[in-house]
Amino acid sequence: ELVATGKIDEALAELQAFVIDEPRLVSTRSARILMGRAFEAKREWPRAIEQFRLILATDPDDAQAHGLLADALAGQQAFTEAIPHYREFLDVHATDANAWTGLAIALAASGKPADAIAAFRSAVNAEPENGHFRQNLARSLLERGDIGGAAEQAEQAAVLDPRDPG
């Protein structure tokens, strides 16, 4: 409730007290997720990353925690470190277009443009009616010199959302 009403600092204090008082309860995972997201909202990436790593320390197969950690690492611009966590998340949630986009951005920032294009294509395949995902793919193709492929994606994006100036 405190998070929902914008009282982030108060919410964090309550959540931190909870995980200290009840470290073995299953609900501490939920508290850590809330804390991590609250730290993300404050752009306190290291503190968010810490919460998601603590979840993974007790359950290394927690796909949601991998996805949240990947996003937090990307927020901190630790793109290379985010890549394996995006992959872990996508192993379970293969149709999550936003995660594919996050992976693509991390790959592009890590100097892997061909892999980034493949990930952008997966985002488009997951949500073919989303013009924004097609724009991302078009830009990536254009940067690699694939003018025809970029034009095709840009045209489809323009049809899907003709009011979008991008």
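In which sense, left-handed or right-handed, does H3 pass H4? The crossing of H3 past H4 is left-handed. This result belongs to a predicted model, and the fold around it is described below.

The overall make-up is simple to state. The protein contains nine helices and zero strands. Its pattern along the sequence therefore reads α-α-α-α-α-α-α-α-α. The C-alpha atoms fill a box of roughly 60 × 30 × 25 Å along the principal axes. The chain has 166 residues, and 41% of them are buried.

Helix packing comes next. Two packed helices are described by the angle between their axes and the distance between the axes. Helix H3 spans residues 45–58, and helix H4 spans residues 63–75. Their axes lie 9 Å apart, and the packing angle is about 160°. H3 is therefore roughly antiparallel to H4, because an angle over 145 degrees counts as roughly antiparallel. As stated at the outset, H3 passes H4 in a left-handed crossing.

For H4 and H5 the angle is about 150°, with the axes 8 Å apart. This angle makes H4 roughly antiparallel to H5. The crossing of H4 and H5 is left-handed.

H5 in turn meets helix H6, made up of residues 97–109. The axes of H5 and H6 come within 9 Å and cross at roughly 150°. That angle makes H5 roughly antiparallel to H6. H5 passes H6 in a left-handed crossing.

Arg43 sits in the loop between H2 and H3. Its phi is near 60°, a positive value in a residue other than glycine. Arg43 has a relative accessible area of 61%. Arg43 is therefore exposed, since the exposed class begins over 50%. With 60% relative accessibility, Gln77 counts as exposed.

Arg32 gives a view of a buried charged residue. Arg32 belongs to helix H2, which runs over residues 27–41. Arg32 is buried, yet it has no salt bridge. Which side chain of opposite charge is nearest to Arg32? That side chain is Glu50, 6.6 Å away. The side chain of Arg32 does make a polar contact, however. The partner is the side chain of Gln51, at 2.7 Å.

Gln135 is part of helix H8, residues 131–143. Is Gln135 buried or exposed? Gln135 is buried, with a relative accessible area of 10%. The reason is the cut-off, because buried means under 20% relative accessible area. Gln135 can also be placed relative to Phe120. The two residues are 15 residues apart in sequence. Their C-alpha atoms are 9.5 Å apart in space.

Note on methods. Residues numbered from 1 in each chain as written. Predicted model: local features only at pLDDT ≥ 70, side-chain atom pairs only at ≥ 80, totals over all residues. Heavy atoms only, no water. Helix = DSSP H or I, 4+ residues; strand = E, 2+ residues; numbered from the N terminus. Buried < 20%, exposed > 50% of the residue type's maximum accessible area, 1.4 Å probe, protein only. Lys, Arg positive; Asp, Glu negative; His and termini not counted. Salt bridge = Lys/Arg side-chain N within 4 Å of Asp/Glu carboxyl O. Polar contact = N/O pair within 3.5 Å; in protein donor to acceptor, adjacent residues only side chain to side chain. Axes fitted to C-alpha atoms, helices over the stretch in contact; angles between N-to-C directions. Parallel < 35°, antiparallel > 145°, perpendicular 65-115°, else oblique. Left-handed = near helix turned anticlockwise from the far one by under 90°.
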